[in-house]
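This report goes through one protein model, from its overall make-up to single residues. The sequence and the structure come first.

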Amino acid sequence: MSADGPVDSWKTSFPCTRAEAEAIDAADDLAIDAVLMTSETIEDDRETWRLDAYTEEQPDAAMIAALHALVPSAGGAEPTIEPLTAQDWVTMSQAGLEPIAEGRFVVHTSAHPVEAPAGGRAFLIDAGQAFGTGHHATTSGCLKALDAMAQREFANIIDIGTGTGLLAFAARHLWPVARVAATDIDPAAILVTRDNMAANVVEAIDLIVADGALDDRITAGAPYDLVIANVLAGPLVSMAPELAAIATPDATILLAGLLETQRKQVVDAYAACGCTLTDAEVRGDWTILTLKAGAQRYIPTTPIDPKGRDGWALDI
């Protein structure tokens, strides 16, 4: 495409598989001077994904070769290289993000404003730095699960890996007198959540930057009768003892971010901590799990070492 205005940056795209996309997303440091994003090209098609790399300068041969090495399935495919203006970024961030509805909740962007349904709640969540606009199957599935719990009573709720804060906002709406905490390992996500709280006039949510559930502020607020964690399967498995340890007896634990092929490993990890599966919903390749904590509060038999999380491995 030709840029309509001064070129602000460049976008380089290669086709890839989901396995390649997940490997890129999971890598801590790829030593590539670019912002990397992966996405489905065709919904629920395992092999039809795309890698987009955003750079300040037009990509040279070395950059293209480095990106190509990340996606060997692309074979001899030539990349698509596009100049971007500042306005292109705004357009892309909102493109395709039509409002979504789950139960009493509607989630929309600034580009697609909607009114709240009767008796429901609309949340403005623009695409940005944090995960959780509601459009991914894991987030929308959690919204549906929370909506189904509306008649139950919860007094102390925590959302681990809150991203944009959307699930914590939904919990605050459903249980207005409960204590609600939202945590994320990424400080930027907590800043995004704070901004989204202001934009949606959501109050009284404790925001905590923390890795998992071992932070003193989290354990001091325990036990929780509703634990929400929409992250990835690996962290869900490694955090099973600490999430079970902060839950009240018979607490509800809502887990998402896992593929259906990873369900057994996640369920087994929580079963080892006294939790039982009570419900599961499959959305495409993704699964949302609802579990019940044991009748006795779980006490880990050995100290939990957060450094051990780096060693997890899951089948895909």
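## Overall make-up

The accessible surface of the protein is about 14900 Å², and carbon and sulfur atoms account for 54% of that area. The model is a predicted one. Its secondary structure consists of 10 helices and 14 strands. Of the 316 residues in the protein, 48% are buried. Among contacts with a separation of 6 or more, 68% are between residues 24 or more positions apart.

## Salt bridges

Side chains of opposite charge can pair when their charged atoms come close. The protein has 11 salt bridges.

| Pair | N to O distance |
|---|---|
| K11 and E82 | 4.0 Å |
| D52 and R50 | 2.9 Å |
| D147 and R104 | 2.4 Å |

In the salt bridge between D52 and R50, the closest N and O atoms are 2.9 Å apart. D52 is buried, with a relative accessible area of 4%. R50 is partly exposed, at 27% relative accessibility.

The salt bridge between D147 and R104 has an N to O distance of 2.4 Å. This pair also links distant parts of the chain, 43 residues apart: D147 is in helix α4 (residues 137–148), while R104 is in the loop between β5 (100–102) and β6 (105–108). D147 counts as buried because its relative accessibility is 17%, under the cut-off of 20%. R104, at 26%, counts as partly exposed.

Salt bridges also form a network, whose members are E102, K144, E281 and R283.

## Helix α4

Helix α4, which holds D147, has 12 residues. From its first C-alpha to its last the helix reaches 16 Å, close to the 16 Å expected at 1.5 Å a residue. Is α4 mostly covered or mostly exposed? It is mostly covered, with nine of its 12 residues buried. The buried residues are T138, T139, S140, G141, C142, L143, A145, L146 and D147. C142 has a relative accessible area of 0%.

## Cysteines

A disulfide is a covalent bond between the sulfur atoms of two cysteines. How many disulfides does the structure hold? The number is zero. C273, for instance, is in no disulfide, and the nearest cysteine sulfur, that of C275, is 6.2 Å away. A disulfide would need the two sulfur atoms to be within 2.5 Å. C273 is buried, at 5% relative accessibility.

## Helix α6 and the residue after it

Helix α6 (residues 187–200) is made of 14 residues. Its first and last C-alpha atoms are 20 Å apart, close to the 20 Å expected at 1.5 Å a residue. At the start of α6, a side-chain oxygen of D186 comes to within 3.0 Å of the backbone nitrogen of A188.

Which residues of α6 are buried? They are A188, A189, I190, V192, T193, N196, M197 and N200. The cover over these buried residues includes β7 (121–124), α5 (166–174), β9 (179–184) and β10 (205–209).

V201 follows α6 and lies in the loop between α6 and β10. Its phi is near 50 degrees, a positive value in a residue other than glycine. V201 is exposed, at 65% relative accessibility.

## Other backbone features

D250 is another residue other than glycine with a positive phi, near 65 degrees. D250 is part of strand β12 (residues 247–259). With a relative accessibility of 40%, D250 counts as partly exposed.

Where is P223 placed? P223 is in the loop between α7 (216–221) and β11 (224–230). The peptide bond from A222 to P223 is cis, with omega near 5 degrees.

How values were computed
Residues are numbered from 1 along each chain as its sequence is written. This is a predicted model: local features need pLDDT of at least 70, side-chain atom pairs count only at pLDDT 80 or more; totals for chains, interfaces and linings use all residues. Side-chain values use heavy atoms; hydrogens and water are left out. A salt bridge is a side-chain nitrogen of Lys or Arg within 4 Å of a carboxyl oxygen of Asp or Glu. Buried means under 20% relative accessible area, exposed over 50%, partly exposed in between (1.4 Å probe, protein chains only). Helices (H or I, at least four residues) and strands (E, at least two) are DSSP runs, numbered from the N terminus. The expected span of a helix is 1.5 Å times one less than its number of residues. Contact means heavy atoms within 4.5 Å. A polar contact is a pair of N or O atoms within 3.5 Å; within protein, one must be able to donate a hydrogen and the other to accept it, and residues adjacent in sequence count only if both atoms are side-chain atoms. Accessible areas come from the Shrake-Rupley method with a 1.4 Å probe; for residues, only the protein chains shown count as cover.
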